[in-house]
Structures are given as C-alpha cells and as structure tokens.
Amino acid sequence: MKTGKLFLFGALVLMFAGAAQAQTSGTITITGTDPEAFSITNTSDATLSATIILGTLTPATGGTLTSGTAQIRLRSNKAYQLTAQATALSFTGAGAADGGASIALSDFGFGIASIDASGANVANATGHTVVSLFNYDPRSVSVTNGLTPFVPSTHGTLDDITTSTQILSGPRISAQGNISTDNNFILVTLAVATLPQYFTPNSSFSTTVTLTIASQ
Amino acid sequence: MPGRLCAQNITDTSNGTMSAVISFTVTPGTSNTPVARTVSFRIRCADASGYHVAASASYVAVPGAPADGGATIAASDIGVGITSVDTSSSQVIKPRTDTIAYGFAYDPGAVSAPNGLTPYAGRAAGQATVADLVGSPGTTILSGDRIAASENPSDPDNYITVTVTFALLPQYFTPGTFTVALTLSIMNGP
C-alpha cells in the first residue's frame with residue numbers, strides 16, 4: 001500500500017516534468033503609430049522651392065499686370081491650415097527716391113487663384129476655405145489710372161503676410177497613399193501680380209514667401 | 001499526452017519563450033518600398049508524422065483623430081510572409097521537405113508599391129496579410145517532415161530557424177495606433 005502511493009507520486013512528477021518542457025506556441029506583437037502628417041511639395045512631389053520671376057518692370061500704357069504663379073501640392077491626414085509669411089523686400093542697386101515712391105510689398109497682389117481637389121484619393125473634395133482676403137486672383141484685378149489696383153482689406157497683398165498669416169484651411173486632404181501618390185493631394189495655385197510703374201529704379205528686388213502647413 | 005506535448009517546440013533564437021515585439025512608425029514619405037520588420041524563431045519536432053506551424057492574429061486600431069473621409073490603417077495593409085527557413089543545423093534530418101503555405105512564400109518588404117498605396121493583394125493572390133490570419137485563425141503557414149531525433153530545446157543543433165517578415169507602406173492613414181497580437185503554434189503532422 002505504501003509502495004503504491006509512492007509509485008503514483010513518481011508518475012505525476014514525470015508527467016509534469018514532460019509538460020513543462022513543451023513550448024508549442026509563441027507570440028509576436030506588432031505595434032504601430034500613425035502620426036499626424038502634413039506636407040507641401042511642388043508638382044513633382046519634391047521640396048517646394050519655387051521662384052517667380054517678374055522680370056523687368058517697365059512702365060507702359062494701359063493696365064497690364066505683370067504676374068506669376070506657383071503651384072503646390074498639399075497632403076494631410078487630418079484637418080489643416082496653411083500659413084504664409086513674406087520677408088521684407090530686398091533691393092540691389094536702388095536709386096534715390098527723390099520724392100517718389102519705391103515699389104513696396106503692398107504693390108504685389110497675392111491670392112489663391114484656384115484649388116483642385118479632384119483626386120480620387122482626396123478625402124474631402126469640399127471644405128477647403130481660403131481666407132477671404134486672399135480668395136481672389138490678383139491677375140484679374142482691373143487697373144485704373146495706371147496705379148496699383150489692390151485695395152487694402154479687399155485684395156490681399158504681400159504686405160498682409162509680413163507675419164505668419166493663415167491663408168487657407170480645411171478638412172483632411174489625403175484618404176491614403178504617400179507623397180508619391182498622384183491623386184491624394186489638393187493642388188493650390190498661388191498668384192502674384194503687380195503693375196509696372198515709375199517706381200524708384202533698382203537693379204533687382206526680391207522677397208521670400210514661406211508656406212507652412214500644420215494641424216488646425 | 002506528455003509525449004505529444006514534448007514532440008515539438010517553438011522558441012526564440014535563444015531557446016527561450018517566444019514573445020517578440022516589433023513596432024512601426026507610419027510616417028508617409030516618397031518611397032514606394034514598404035518598411036519591413038523581421039522575427040526569427042526556432043522550431044523543433046521529433047514526431048515521426050512531421051509538423052505544421054499555425055498562425056492566428058487579432059488586430060486593433062485606435063484612431064487618435066476622426067477618419068474624416070479617409071482610411072485608417074487595417075490588417076490588410078500589413079503584409080506577412082516567411083522569408084527564410086534555415087535547415088542547416090547538423091542534427092536536422094535530411095533530405096527533407098519544408099513547405100511554406102501558398103500566400104506566405106513571399107517577402108512583403110520587397111513588394112513595390114506603385115502610386116504609394118498598399119501593394120498586398122491578399123493570400124489568395126499570393127501576398128498574405130495580417131487580415132488573412134485574423135479572418136482564418138489557425139492558418140497553417142509552414143509544414144514539414146520530422147526535424148530531428150530530439151526536440152530538446154537545450155540541444156544546439158536540432159532546430160529549424162524560421163524568419164517571418166512583416167511590412168507596410170507608410171501612408172496618410174488616420175492618426176492613431178494599432179496593435180497586432182499574433183500567435184504561432186507548432187503541432188504534429190502535416
């Protein structure tokens with residue numbers, strides 16, 4: 001009787017020892033983070049660094065504006081806002097004003113001429129809202145009497161973005177895809193225009209507009 | 001019963017408990033090459049009927065912002081394949097046949113993603129994803145002959161090393177997090 005109990009105990013030990021060695025399953029845990037993501041690129045999906053060359057601004061008769069455009073692609077996975085900021089005009093070879101006017105940031109109309117949100121992987125085709133001051137095409141403003149036609153508080157100019165200023169906002173842009181996807185962005189056309197006048201002579205002038213997209 | 005339990009083993013590459021963790025940060029870029037992570041593990045089997053490895057998975061995505069008309073990353077965006085079966089250990093019985101199940105015999109990290117979108121077509125089309133394991137728990141992904149005379153995990157030369165690759169293409173998915181819990185089991189028989 002005593003021997004039988006010992007045998008049973010020994011058998012249990014062997015069984016548990018055997019089971020403890022077995023490791024017939026394992027786990028793999030995959031974790032991931034989708035961060036908020038926003039991008040501005042040129043139309044080749046590369047870093048945006050566009051130059052608008054207005055050329056030589058020689059005054060003439062009539063009201064033909066000298067203009068240029070830049071197209072940018074915006075992508076985001078949540079609601080966004082686009083801001084713009086222009087640096088002060090930089091001149092080289094500036095002559096004496098001699099009582100006259102020199103060209104200024106306020107002589108350059110600046111607006112968003114169009115937004116194309118027609119891509120198949122655009123999450124929201126509507127709802128992209130241009131701040132009213134910049135919601136126009138400065139190339140189409142009528143000139144009167146050969147003077148700068150942009151009306152303060154009505155027509156946005158570069159003088160309105162000397163500090164970081166929101167010009168556009170909207171809902172999520174990209175349904176999916178990455179920066180090389182050809183249909184998950186909105187195409188924004190920015191326009192600049194000015195009227196050549198008898199401004200103080202210079203060899204050249206320039207300003208840099210920095211665009212920034214961020215979360216609303 | 002104890003004998004059957006002892007006939008197979010699945011361990012990490014240090015012969016310890018297999019409990020691997022891998023992570024992805026899904027920041028969209030311009031590349032059309034998916035981001036890949038690999039996990040290697042060892043399997044042992046001394047059962048004359050051979051073995052098979054089965055996989056099951058659960059998937060949870062937790063958005064941190066509204067989807068707002070866009071896509072949230074899904075289990076079908078994560079490709080999974082067996083990219084290596086190393087049978088070179090000296091006690092592994094040879095010649096032998098180890099078969100990767102159809103759909104898992106590919107490298108999801110090497111699939112090109114045209115137009116920056118998820119490139120995986122699913123198991124039925126030869127490119128399995130985690131969604132295939134969520135939808136069909138206990139899917140056999142690998143099977144083969146008896147591996148060695150012993151399945152003892154302390155033996156340095158009686159195992160096959162299997163490498164599984166997971167990959168995804170970072171995109172403008174809804175901000176948030178996701179988690180996949182994948183369980184691998186080794187059992188007797190083909």
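The legends below describe close-up views of a predicted model.

Residues are numbered from 1 along each chain as its sequence is written, and chains are lettered from A in the order in which they are written. Because the model is predicted, local features need pLDDT of at least 70 and side-chain atom pairs count only at pLDDT 80 or more, whereas totals for chains, interfaces and linings use all residues.

View 1. Chain A contains 1 helix and 11 strands, where helices (H or I, at least four residues) and strands (E, at least two) are DSSP runs numbered from the N terminus. Of the 216 residues in chain A, 34% are buried; a residue is buried if 20 or more other C-beta atoms lie within 10 Å of its own, exposed if 12 or fewer, and partly exposed in between, with C-beta atoms placed from the backbone. Among contacts in chain A with a separation of 6 or more, 85% join residues 24 or more positions apart; two residues are in contact if their C-beta atoms, placed from the backbone, lie within 7 Å.

**View 2. Surroundings of A:Ser39.** A:Ser39 lies in strand β2 (residues 38-41) of chain A. This residue counts as buried because it has 22 C-beta neighbours inside 10 Å. Beyond the neighbours within four places in sequence, A:Ser39 is in contact with A:Arg75, A:Ile179 and A:Ile213. A:Arg75 is 36 residues away along the chain, yet its C-alpha atom is separated from that of A:Ser39 by 5.2 Å.

**View 3. The largest nonpolar core.** This core has 81 residues, and those with the most contacts inside it are A:Ile112, B:Ile43, B:Val53 and B:Leu182. A nonpolar core is a set of buried Ala, Val, Leu, Ile, Met, Phe, Trp, Tyr and Cys residues joined through C-beta atoms within 7 Å. Apart from neighbours within four places in sequence, the contacts of A:Ile112 include A:Val130, A:Phe134, A:Ile167 and A:Leu190.

**View 4. The side of chain A that touches chain B.** Here 40 residues of chain A are in contact with 53 residues of chain B. At least two residues each come from α1 (2-21), β1 (25-34) and β3 (66-76) of chain A, and β1(A) supplies the largest share, 10 residues.

**View 5. An open sheet with strands of both chains.** Its 6 strands follow the order β2(B)-β1(A)-β9(B)-β4(B)-β7(B)-β6(B), with mixed pairing; two strands pair if DSSP finds at least two bridges between them. β2 and β6 (98-100) of chain B are at the edges with a single partner strand each, so one side of each has no neighbour in the sheet. β1(A) and β2 (residues 19-25) of chain B pair in the parallel sense over 7 bridges, and A:Ile28 stands opposite B:Ala20. By contrast, β4 (residues 51-63) and β7 (residues 139-144) of chain B pair in the antiparallel sense over 5 bridges, with B:Ala54 opposite B:Thr140.

**View 6. An antiparallel open sheet in chain B.** The 4 strands have the order β1-β3-β8-β5. β1 (8-11) and β5 (79-86) of chain B are the edge strands, each pairing on one side only. β3 (residues 35-45) and β8 (residues 160-168) of chain B pair over 9 bridges, and B:Val39 has B:Val164 as its bridge partner in β8(B).
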